Amino acid sequence: MESRCCNLRRLLSVFVLSVIIVGCASYNSEMSNTQTMIRAGNARGFAESIKEKAFTDGKDQIVFLFEYGTAMQIAGDYEESNKAFLLAEQLTEIKDYYSISNISASILTSAEVEQYKGEDYEKVLINAMLAINFLMLNNLEAAMVETRKLNDKLYKYKYEAKRPYEQNPFAFYLAAMIREQDRDWDGAFIDYRRVKKLKPDVLYLKADLIRSAANARRYSEVKKFKKQYGFKDDQRIPKGWGEVVLVYLQGWGPQKVPNTQWRSIPELQRRFSYTKYMKLKVGHEKESMSQPIYSVSDVAVKTLNDAYAGMIAKRVAGRVAKELVAQRLAQENELLGAISKIGLNAADRADLRHWFTLPDTFQVARIAVPAGEHSVSAEGLTDLDEGSGEYMTPKTVAVKPGKKTFLLFRSVR
Amino acid sequence: MKNITLIILMITGLSVLSGCGPKAFVKGDYDNNVNDANLLNDKWSESDMQKVVRDLVASATGSYSIANAKRPPVVMVTRLQNKTSEHIDTQSITDMVRVELMRGGRVQFVDKAAREDIAEEIEYQKNNAARNSRKEGGQQTGADFILNGRLDSIVQQAGRDKSVYYKVTMQMTNLKTGVMVWSDYKQLRKRFKKQRVGL
């Protein structure tokens with residue numbers, strides 16, 4: 001009688017445990033309407049729907065903060081977006097340790113049980129997003145703080161001999177532009193040079209390198225790059241002129257789905273976007289095509305490919321552990337063993353958490369113009385250079401001499 | 001074997017339940033000594049601010065221009081530039097410097113931030129205040145010195161170890177001559193160890 005009661009209790013605990021795991025609202029189910037809501041122009045509505053989860057302690061809090069921050073950025077509420085990104089950054093630092101209980105639990109159940117800590121490339125992009133937000137809020141000092149934080153992180157990754165693709169050319173490019181704005185010419189040149197090493201095909205780079213080297217009085221570098229690129233002058237922006245800079249976040253990054261071969265590990269699915277580039281126009285004469293500087297999809301795919309070995313090992317260990325538990329319980333009661341096996345395997349799901357609302361690529365378009373007021377517009381283009389139907393609302397912006405006027409646009413179709 | 005199975009189940013259950021449940025700070029207490037060191041994390045803290053301000057104010061009041069002034073010089077605080085990789089409210093630092101200098105009674109300040117309000121009030125009083133209490137424009141005292149500076153940091157991280165170095169440099173410049181009459185800096189270095197494994 002006592003043994004039957006004990007077995008029943010165990011059966012109940014295994015059942016409850018499995019129900020909790022399967023029933024714990026998955027992050028993916030929360031994200032199902034994201035794209036539809038944002039495409040319909042309701043980014044704020046989506047943000048509000050996940051606000052509670054973003055600001056409540058939990059294993060998925062960091063990833064909800066990523067989504068909340070991005071949605072608020074798309075809605076143009078940069079202050080609110082910053083609140084989320086700053087908290088997300090703080091949490092990625094606090095949670096950056098190996099939790100024995102979480103790892104043990106994830107082996108026996110699902111990787112989703114573990115605290116989400118963010119991929120390294122996501123952690124770097126938090127600071128890039130914050131820097132963009134601060135630029136939009138016209139807080140150059142805070143934007144500079146973010147670029148320094150970003151540098152510290154990238155330096156740490158380099159020191160820890162992480163993979164080279166963890167380095168982020170967009171972050172360096174953004175930092176270089178902010179340094180130019182802050183008249184830190186030498187710092188700007190160093191950052192442009194870093195971009196050249198990581199992404200040499202950015203068209204603006206040729207002029208950027210020569211101009212920043214000239215401003216930093218690095219004359220040997222000016223000579224070298226002029227010769228290399230066939231330029232005759234220093235590419236300086238004329239006195240009394242400034243720049244319009246469009247920071248363009250294009251499309252949607254890839255989405256994690258269950259692997260077709262083995263459903264308890266994820267794979268990445270690229271998401272299609274009609275709009276691939278933006279043509280920035282200032283007045284009726286000046287226009288420039290945006291230049292892709294960083295591909296989230298490429299980096300995410302490489303990151304996941306490198307993580308597969310560890311993920312598979314963990315899931316194999318999980319299978320063995322589940323078998324052991326089920327066998328042990330089956331020795332006492334066959335039905336209990338069978339049910340626990342079903343329960344534990346049902347809980348074994350692929351961890352599909354990732355920064356879902358990230359764009360596919362980070363791009364920049366820039367045009368030098370005389371200081372004064374200018375009407376600015378931007379048109380989305382497809383791969384075939386045809387209009388995609390997405391436009392940045394035309395606006396009049398003030399350009400100050402020697403300064404940059406930053407604009408932000410996110411395409412979602 | 002039986003024990004291992006139970007332990008695995010217990011760990012799993014606990015971590016699943018803790019993952020879904022809310023966590024919040026629920027018990028509070030007043031720390032009566034706000035000057036005690038507070039190094040809860042690797043960020044700029046009020047202890048850093050107190051240390052820096054105490055030393056810089058002592059240095060400034062001991063400087064020739066303040067110590068030997070016939071009347072308390074009038075100073076205007078402009079800006080402490082934040083050149084660190086942290087969001088630090090540098091106005092809070094300059095506010096503390098101003099208050100500590102005023103407490104010493106050797107320096108007076110003009111309030112740059114209040115200028116707009118003062119101008120508006122003077123304009124208002126011109127038509128609305130009684131003659132005997134009315135304040136006229138053009139009577140304000142001009143500053144003798146401006147006080148400004150910058151806050152720099154160097155962060156180094158290797159494995160579990162992290163060091164954060166701060167340097168706060170402040171200077172006072174004579175508005176009439178443009179001569180810098182006082183400048184000093186205060187350095188701080190803090191070391192931290194990161195937890196790699198936990199429950």
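**View 1. β3 and β4 of chain B form a hairpin.** Strand β3 (residues 145-158) of chain B pairs in the antiparallel sense with strand β4 (residues 161-174) of chain B over 14 bridges. Two strands count as paired if DSSP finds at least two bridges between them. Strands (E, at least two residues) and helices (H or I, at least four) are DSSP runs, numbered from the N terminus. Two residues separate β3(B) from β4(B), and Gly159(B) in the turn has a positive phi of about 60°. Opposite Asp152(B) stands Lys167(B) in β4(B). β3(B) is also joined by seven bridges to strand β1 (residues 74-83) of chain B, and these two run parallel. There, Val75(B) stands opposite Phe145(B) in β3(B).

The model is predicted: local features need pLDDT of at least 70 and side-chain atom pairs count only at pLDDT 80 or more, while totals for chains, interfaces and linings use all residues. Residues are numbered from 1 along each chain as its sequence is written, and chains are lettered from A and ligands numbered from 1 in the order in which they are written.

**View 2. Domain 1 of chain A touches domain 2 of chain A.** The domain assignment, automatic or from a database, gives domain 1 as 2-167 + 237-411 and domain 2 as 168-236 of chain A. In the contact, 21 residues of domain 1 of chain A meet 17 residues of domain 2 of chain A; a contact requires C-beta atoms, placed from the backbone, within 7 Å. On the domain 1 side, the elements that give two or more residues are α8 (120-136), α9 (140-159), β7 (291-295) and β8 (361-370) of chain A. α9(A) gives the largest share of that side, seven residues. By class, the domain 1 side has 14 nonpolar, four polar and three charged residues. Here Ala, Val, Leu, Ile, Met, Phe, Trp, Tyr, Cys and Pro count as nonpolar, Asp, Glu, Lys and Arg as charged, and the others, Gly among them, as polar.

**View 3. α8 and α9 of chain A pack against each other.** The angle between α8(A) and α9(A) is about 165°, and their axes are 8 Å apart. Axes are lines fitted to C-alpha atoms, for helices over the stretch in contact, and angles run from 0 to 180 degrees between N-to-C directions. α8(A) and α9(A) are therefore roughly antiparallel, the word for angles over 145 degrees. The crossing of α8(A) and α9(A) is left-handed, meaning that the near helix is turned anticlockwise from the far one by less than a right angle. Residues in the contact include Val124(A), Ala128(A) and Leu135(A) of α8(A), and Ala143(A), Leu150(A) and Tyr157(A) of α9(A). The contact has eleven nonpolar, two polar and five charged residues.

**View 4. A four-stranded open sheet of chain A has the order β7-β8-β2-β11.** Its pairing is mixed. β7(A) and β11 (404-411) of chain A are the edge strands, each pairing on one side only. On average, neighbouring strands are turned by 20° against each other, direction ignored. Strand β2 (residues 241-250) of chain A runs parallel to β11(A), with eight bridges in the pairing. Val247(A) has Leu408(A) in β11(A) as its bridge partner. Packed on this sheet is helix α10 (residues 169-181) of chain A, which touches β2, β7, β8 and β11 of chain A and makes about 125° with the direction of β7(A).

**View 5. α10 of chain A also packs with helix α11 (residues 185-198) of chain A.** Their angle is about 160° and their axes are 8 Å apart, which makes α10(A) roughly antiparallel to α11(A). α10(A) and α11(A) form a left-handed crossing. Among the contact residues are Phe172(A), Ala176(A) and Arg179(A) of α10(A), with Asp191(A), Tyr192(A) and Val195(A) of α11(A). Nine residues of this contact are nonpolar, one is polar and four are charged.

**View 6. Helix α12 (residues 205-215) of chain A packs with helix α13 (residues 219-229) of chain A.** The helices α12(A) and α13(A) lie at about 160°, with axes 8 Å apart, and are thus roughly antiparallel. α12(A) passes α13(A) in a left-handed crossing. The contact includes Leu209(A) and Ile210(A) of α12(A), and Val222(A) and Phe225(A) of α13(A). It divides into seven nonpolar, no polar and three charged residues.

Key. Contact = placed C-beta atoms within 7 Å. Parallel < 35°, antiparallel > 145°, perpendicular 65-115°, else oblique.
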